[in-house]
Structures are given as C-alpha cells and as structure tokens.
Amino acid sequence: MSAVWRKGGRAALPALLAQQWDVIVIGGGITGAGILLEAARRGLKALLLEQRDFAWGTSSRSSKLVHGGLRYLKEGQIGLTRESVHEREHLLQQAAGLVEPQSFAFGHYAGRKPGKLMFLLGLAMYDRLAGQRSRHYYERAEFAALAPNVSTQGLLGGMVYTDAKTDDARLVLRVLQEAQAHGGVALNYMVVQGLLRDDAQVTGVQVRDMHSDAAHAAAYAVRARVVISATGAWADGLRLQAGDATAHAAASGTALKPRLRPLRGSHLVLPAWRLPLAQAISLMHPYDGRPVFAFPWEGVTLVGTTDVDHKDNMSHDASITRAEVAYLMAVLHDQFPQLALSERDVIATYAGVRPVIDTGKADPSKEGRDHALWLEHGLLTVTGGKLTTFRVIALDALRRVASLLPDWQADLSPCPVFDAQPAPLPHTPQLPAGMAHKLQGRYGALTAQVLAAAQDDELDLIGGTETCWVQLRWAARCESVQRLEDLLLRRSRIGLQLRQGGLAIMPRIRAICQPELGWSDQRWDAELAAYVALWNRHYSLPA
C-alpha cells in the first residue's frame, strides 16, 4: 500500500505535488479510480485528487449492483446493455469475493405489467448478450418456495434471473490499490479550487490540502500535460470554470452551458432477520410501475431505489426525504404484507446522486445512463455511465486524450480488471467460513498482510455485519483514513449495517483504531461528535 496513505505519509506532499505529471485525474469515485488504474498500468505518471474521501459521493451510495441493465432493453439501449453484461462477467471472474452473483426473483401477478411473455423475451435477450442460457420461469408453488414472504394474492408464478452485487466503496479502494501498485498516486481531501491555463488551455490545477490534521490548509499549483475531470454529478462546476477561460468566450455567447441532471436514488437498510430473503426480489411499484428491489447485502437487506431530481446543495451529503421513505415503505407493504414492516425496522438510510446527462425528459427515470466525454479548452470531462462499466469508461477517456500525449504509445485494448489473483492463503482456522474468499476480493495481493495484522479475536466478525475487526485496524493503518466517517461509512460499512451507525461498539473501535491513527483523545472525541451528527442528519430516517 502507498506510503502516503499511512500515518504521517502526507508529509511527502510538497515534494510529490511539485513534480510534473502526465495526467491529473480529479475525482475519487469509481470512474476516477478506473482512469488512474488504466493510465498508471500503461506507463503514465498519474495523480488522482479527491476533494472529500475516496468514494464519498455516488460510488459509496449506489444500489450496490453490478448489473447489465435489464431495464435498459425496454428503452432500446441494446448497446449499453451488451457492454454492461460483458463487464459484469469480467468482474465476476476477476474480482471474485468482491463482486458476487445475485439471483433476482420477479413475481408474475395477474394484470400486472410487464407481462410474462414480455419479461421472458427481455431475459432471453439478456442471456444472449451474456452468452448464457438459463431457466427463467417457475410456476406458482415453485416460485413461492424460491421467494418466501412475497404476496401470493394474484400470484401466477415468477421469473428468476442472475445479475451481480458488490460493496461499491470497497471496489473503489481495490481499484485504487491496484493503481498504486502500478505507480499511480491517489490523495483524498485535496480540493481543486481552480484550473491553471496556458493560452486558455488547461495545464494543471490549484489544489488545497484539507487534511484534517493540518494546522493550515496548504495550497499547491500542480501541473500536468492532461487534466481529466471525473467528478460525476459535480462535473459541471469544473466544466463551466474551464469555459470561462477567456472574456471573449463569455462576451461572444460561446461560454459552456450545464449538461448534467443530478438525480437522487435513496435506499432503506433493514435487518436481515426482519426481511429475510434467499433471492433478491425485483418489484414494480404499485403507484407508478417503476422497478424497485430488495436484496441481501453484507448481513442486512437493502431496499431501493428512488429516482428523483436532486435540488439540494451538492456540497452536502445527500439525504432521503420523507416522501421517499413513504414511497419505499409502500412497496414493502404491497409485496410483503404478512411481515407488517414499519419504519421502526429501518436500521439506516442512504442516498446517492447519479450523474445523468440532461436531455430534458419529463420523467427522470427515462433519462439515458450512457457515459459522455467532452474535451473543452484542454479539460476532458468524463461523466455519466454506470458502476459496472468503469473500465470501458476509463479506456474511452484515455483514447480521447491520446492526441495530447503524442510521445505516449500504448495498447488501449482491455486488460484484466485486476492483476493475477494472489496465491492461496495459509490455513487460517479462526476465519469464519467463506471469509478468506471475501478478503481476497477486497485486498488482493495484500490479503496475507491484512490477516497478519490481526490481534486477539480480530478475525471474528463484528456482530450484525460481515466485517472482521482486523479490517478496521488495517483501514486505520494503511488506507488513508482522515476522518472517522471514512472508516465507518466507506472503508467498512458499519455505519449502514448497525443501528445508530455502530455507536454501541465504539469503545472497541476506539481501542483498535485510535493508536493506529495516532489521534489524541481530543481529536477522537471531536471526530466522534462530528460522525454522530453526520449520521443523524444524513443516514437516519428524516424527522
């Protein structure tokens, strides 16, 4: 793991940022991480700058699905679906343990759309794009056994198909880990405050170090031959700044215009025992017919998602609204009436903002999910797209800027997502069943080092989660944790999996992590207060 991610590692920043870079990537979500990896493995000197934490925005608050986009077939987006299905298959093979198959069950109810034939036709196309054939339809009794607790009123049977799921924030960290192994550098809490220009062309960035230990936030001018903005739903801010490079552009009416439509997707998190699912359940909302799902994830059950215009301040964490809570609870009451679920069952909530290209459609759900690239005044903006297709997006970005790097010759055909899988781990009987496979998916070649860091009982699972205590120690020691929220909401997902964001186990978390982080008692107390306030404001049910 990069030395700059360890305690005290940021002391090297002045010398690091004074260097000349080939590529600066702005944005530490899955798209930026993918670009950093593909650039570094092809010999470019590449630096990634993230204004908050890695995966802070959309890439830790997605629906956690690595999917081909079955619903996009209905919109006629066959190319996007084919691309997504192929990338899903690559990730299932090359990121096993982190990206895992997930079966979905969809009930066939009398009079409810889409009908059986239409759905099966879509699944047949889905199979063909993936080069697979599967059985999809089950009669009423078989389907009820596969999907217990679903409403049986009007149930005729059901369809079952397979997609995949992941821990989205850990996928970002694994990609960044691989990028650093190839010489890439990734820094969090580095706010790009302005663009450097030469003859109105972007040649670098003005960046400020917002590292929470810094007595004074230091500022740097960092230069590169190519600057790529991979800031997702936040991309218009830098685009418009690049377009304001000259007074002539504004005066002549050629200044750039916003192109994005930020859409919010919100989710509920319930205990697995309260909504026990053997399959993911894909539903059509009784109010508007939109697809909604509930599926098992990391020891809990996720329910989502909404799709509404996000009008709030983009510098703040997104939050679910009362209307969205009611919308998601309504589909649970409709599909699982016998469970009598209520808001008291909700452990946590979360909301993410999707970077969707604005085409002016009245219904947000009808907007396309393709990615877009715009090279304007020397700044390449990469936005849109899906978690599943991050590798495709990264290679498209590098192809677009290749002309700006005339002395760089590289093969831009796809490589394996990750390097060769690590050697088998030594026998570790203390690990819970299946945990070695999961850890290898998350840490790759570093897995043995993670296990070696464990102290007494730290290979045990944290109750209510699928996370070992040692993962907290490793994150605090080696994964650039700058704030407590980084540790509990992104390096681990305890903040989503346990009530009150894990407050009940905070004494043990403190005992493990405070020495690794090197925080004083005063610093820890301040971080804990900030985390609790953040969780209550943005990850709990709204008042």
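Tryptophan 5 counts as buried in this predicted model, because its relative accessibility is 3% and anything under 20% falls in the buried class. You will find tryptophan 5 in the segment before helix H1 (13-17). Although tryptophan 5 and alanine 15 are 10 residues apart in sequence, their C-alpha atoms are 15 Å apart in space. What surrounds tryptophan 5, then? Setting aside neighbours within four places in sequence, its contacts are Phe54, Leu173, Leu176, Gln180, Ala186, Arg477, Cys478, Glu479 and Ser480. With alanine 186 there is also a polar approach: a polar atom of the tryptophan 5 side chain lies 2.8 Å from the backbone oxygen of alanine 186.

In soluble globular proteins, nonpolar side chains tend to be buried together. Here the largest nonpolar core has 72 residues, and Leu176 is among those with the most contacts inside it, along with Ile24, Leu47, Leu49, Leu187, Val205 and Val222. Take valine 222 as an example: beyond its neighbours within four places in sequence, valine 222 touches Leu17, Trp21, Ile24, Leu47, Leu196, Gly204, Val205 and Val207. A second, separate core of 48 residues includes Trp297, Leu472, Met506 and Cys513.

Met506 and Cys513 lead on to helix H17 (residues 506-517), where they are buried together with Ile509, Ile512, Gln514, Glu516 and Leu517. The cover over these buried residues includes helix H14 (469-478), helix H15 (484-491) and helix H18 (521-538). After H17 comes glycine 518, with a positive phi near 75°.

Now look at a pair of helices. Helix H7 (residues 168-181) packs against helix H12 (residues 435-443) at an angle of about 60°, and their axes are 8 Å apart. The two helices are therefore oblique to each other. H7 brings Arg170, Arg174 and Gln177 to the contact, while H12 brings Gln440, Gly441, Arg442 and Tyr443. Sorted by class, this contact holds 1 nonpolar, 3 polar and 3 charged residues.

Our last stop is threonine 305, in the loop between strand S13 (300-304) and strand S14 (308-309). Is threonine 305 buried or exposed? Threonine 305 is buried, because its relative accessible area is 9%. Apart from neighbours within four places in sequence, threonine 305 is in contact with Ser63, Gly265, Ser266, His267, Arg290, Pro291, Val292, Phe293, Leu328 and Arg354. Within that group, serine 266 places its backbone nitrogen 3.3 Å from a polar atom of the threonine 305 side chain.

Key
Residues are numbered from 1 along each chain as its sequence is written. This is a predicted model: local features need pLDDT of at least 70, side-chain atom pairs count only at pLDDT 80 or more; totals for chains, interfaces and linings use all residues. Side-chain values use heavy atoms; hydrogens and water are left out. Axes are lines fitted to C-alpha atoms, for helices over the stretch in contact, and angles run from 0 to 180 degrees between N-to-C directions. Helices (H or I, at least four residues) and strands (E, at least two) are DSSP runs, numbered from the N terminus. Angles under 35 degrees count as roughly parallel, over 145 as roughly antiparallel, 65 to 115 as roughly perpendicular and the rest as oblique. Contact means heavy atoms within 4.5 Å. Ala, Val, Leu, Ile, Met, Phe, Trp, Tyr, Cys and Pro count as nonpolar, Asp, Glu, Lys and Arg as charged, and the others, Gly among them, as polar. Buried means under 20% relative accessible area, exposed over 50%, partly exposed in between (1.4 Å probe, protein chains only). A polar contact is a pair of N or O atoms within 3.5 Å; within protein, one must be able to donate a hydrogen and the other to accept it, and residues adjacent in sequence count only if both atoms are side-chain atoms. A nonpolar core is a set of buried Ala, Val, Leu, Ile, Met, Phe, Trp, Tyr and Cys residues joined through side-chain atoms within 4.5 Å.
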